[in-house]
Amino acid sequence: MSEIELDLISHLSEYKRIFSFLTAEDIMKKELITLTPENYLSEARVIMRDKRISGIPIVDKEGKLVGLVSTERIIRALEEGIISNKIKEYMTPREKIVYFSPKDTFEKIVETFERYRYGRYPVIDEHNKLLGLITKHDILRAILKQFHSIYIHDRRREEYLNREVSILASDKFIEDKASFRYDINTQSISEAGEGTALLKKVLEKRGYHRDFIRRVSIGTYEAEVNVVIHAGGKGLILAFFEEDGVVVFVRDWGPGIEDIDLAMKEGFSTAPDHIRELGFGAGMGLPNMRRAADRLVILSQSGKGTRVEMVFNLKEGRD
Amino acid sequence: MKLKEVMNTLEAKIYTGEELLEREISFGCASDMISDILALAKPGSLLLTGIIAPQIIRIAKILDLSGIVIVRGKEPMEETIAKAKEERVPLLGTKFLLFDACGKLYEKGLRGT
Ligand SMILES: Nc1ncnc2c1ncn2[C@@H]1O[C@H](COP(=O)(O)OP(=O)(O)OP(=O)(O)O)[C@@H](O)[C@H]1O
Ligand SMILES: [Mg+2]
């Protein structure tokens with residue numbers, strides 16, 4: 001790998017948590033060219049040249065992984081004059097291959113890339129059957145595919161990755177840690193905002209400054225109303241009271257936001273007319289959330305619902 | 001400006017909040033879009049709006065608004081009046097259009113910021 005590419009991988013490790021929901025089977029390339037130990041090194045060479053690939057997994061009749069042949073090996077075979085020999089004696093044997101299991105996490109994958117610096121890693125199941133292959137290009141492709149569905153705004157960007165509570169942690173983990181919980185379950189607009197009203201009361205009781213409560217309430221209200229208007233009314237509000245501020249997490253099980261960057265634009269709205277008559281649909285909800293919070297993270301995918309995380313930092317002398 | 005003066009200036013009727021007419025109004029704010037109100041209204045503002053749905057009372061609570069005036073002679077929904085009573089948010093109504101209502105209050109010294 002060149003310097004630049006290595007740098008890319010170490011850069012990725014900064015985003016380990018953001019993409020923690022990606023697993024080896026999400027990332028791997030599934031359309032594979034394989035050979036068997038009985039094929040010749042010369043055949044591997046032709047395939048690598050014609051298909052421009054840098055390594056070929058070697059499998060047995062049942063599709064189980066038995067080895068790997070890389071371009072480096074082919075180059076050496078050419079130098080040693082053994083290119084017309086069979087693959088079986090010259091491949092990297094199974095026990096020396098660093099591989100992944102389908103459920104291996106993004107974090108583990110990036111760490112493995114950093115540690116071993118091989119070009120490609122097979123993904124195999126518990127019976128040793130070859131399922132796919134992961135190169136750094138596959139990682140990049142998987143990440144780029146996520147970008148339409150993630151939005152991050154951060155006033156103090158450098159601190160983002162170190163926060164304890166995160167939208168990206170598992171649902172169970174954060175639900176257990178929440179100090180406030182409200183289940184949204186209504187399709188009626190006149191009930192939307194109840195969760196926010198309750199949260200506001202709790203914040204008042206805890207003695208937060210008025211301006212701070214206002215920021216939290218505005219952001220939470222907009223997110224809650226979006227769940228009712230755009231996501232079928234089923235959702236969850238969680239709040240975490242931390243030393244340096246409050247984190248609010250709102251998720252729903254609605255249709256998701258197709259293009260988050262578009263949705264973030266002031267004035268963009270898909271609200272139907274009968275909703276607009278009630279005063280909603282200015283397309284200012286998401287921009288208001290961004291303004292109110294110090295950090296806004298939205299994770300959404302078509303058909304998979306939407307998760308919103310807002311961090312409100314207590315500011316010295318202000319709140 | 002006191003809420004009482006707002007009422008007189010706008011020749012407004014009062015749906016609820018008679019006991020709060022002495023309340024001091026610090027700012028004014030006008031919009032028909034809820035998200036605009038959330039973005040723009042300062043705490044303690046009087047809101048002039050054409051929104052008649054109960055949602056507007058929730059907004060008043062979230063933003064600590066000092067009162068609501070429904071403009072252009074629209075009648076608030078029953079539910080809105082009930083909610084305003086419950087939450088103790090003064091609710092008034094005027095026949096003036098939004099533009100004219102704002103102008104009259106501005107003339108009397110009320111400002112947006
Ligand atoms: N939870 C969600 N689920 C699905 N789509 C959403 C969700 N939240 C927002 N959207 C989409 O993003 C668009 C913009 O949202 P935003 O809150 O900024 O405006 P709005 O809700 O349409 O209007 P406003 O908030 O000003 O009343 C929405 O119209 C909708 O298409
Ligand atoms: Mg909205």
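Ligand 1 lies between chains A and B. The model is predicted, and local features need pLDDT of at least 70, side-chain atom pairs pLDDT 80 or more, while totals for chains, interfaces and linings use all residues. Residues are numbered from 1 along each chain as its sequence is written, chains are lettered from A and ligands numbered from 1 in the order in which they are written, and side-chain values use heavy atoms, without hydrogens and water.

**View 1. Residues around ligand 1.** The shell holds 21 residues, of which A:His230, A:Ser269, A:Thr270, A:Gly281 and A:Met284 come nearest; a residue is near if one of its heavy atoms lies within 4 Å. By class, the shell has nine nonpolar, 10 polar and two charged residues. Here Ala, Val, Leu, Ile, Met, Phe, Trp, Tyr, Cys and Pro count as nonpolar, Asp, Glu, Lys and Arg as charged, and the others, Gly among them, as polar.

**View 2. Polar atoms at ligand 1.** A nitrogen atom of ligand 1 is 2.8 Å from a polar side-chain atom of A:Asp252. Oxygen atoms of the ligand lie 2.9 Å from a polar backbone atom of A:Gly283 and 2.8 Å from a polar side-chain atom of B:Ser35. The protein buries 96% of the 590 Å² that ligand 1 exposes when taken alone (Shrake-Rupley method, 1.4 Å probe; for residues, only the protein chains shown count as cover). H10 and H13 of chain A each give two or more residues to the shell; helices are DSSP runs of H or I with at least four residues, strands are runs of E with at least two, and both are numbered from the N terminus.

**View 3. The contact between chains A and B.** Chain A contributes 24 residues and chain B 22 residues, contact meaning heavy atoms within 4.5 Å. About 1,800 Å² is buried between the two chains, 57% of it on carbon and sulfur atoms; buried area is the accessible area (1.4 Å probe) that two parts lose on being put together, summed over both. On the chain A side, A:Ser190, A:Arg214 and A:Tyr221 lose the most area to chain B, together 30% of what that side buries.

**View 4. The salt bridge across the contact.** One salt bridge is counted between chain A and chain B. It joins the side chains of A:Lys200 and B:Asp64, at 3.0 Å from N to O; the criterion is a side-chain nitrogen of Lys or Arg within 4 Å of a carboxyl oxygen of Asp or Glu.

**View 5. A salt bridge within chain A.** The closest N and O atoms of A:Lys88 and A:Glu38 are 3.1 Å apart, and the two residues form a salt bridge. A:Lys88 lies in the loop between helix H4 (71–80) and strand S3 (92–93), and A:Glu38 in the loop between helix H2 (24–27) and helix H3 (41–51), so the pair ties together parts of chain A that are 50 residues apart in sequence.

Key
A polar contact is a pair of N or O atoms within 3.5 Å; within protein, one must be able to donate a hydrogen and the other to accept it, and residues adjacent in sequence count only if both atoms are side-chain atoms.
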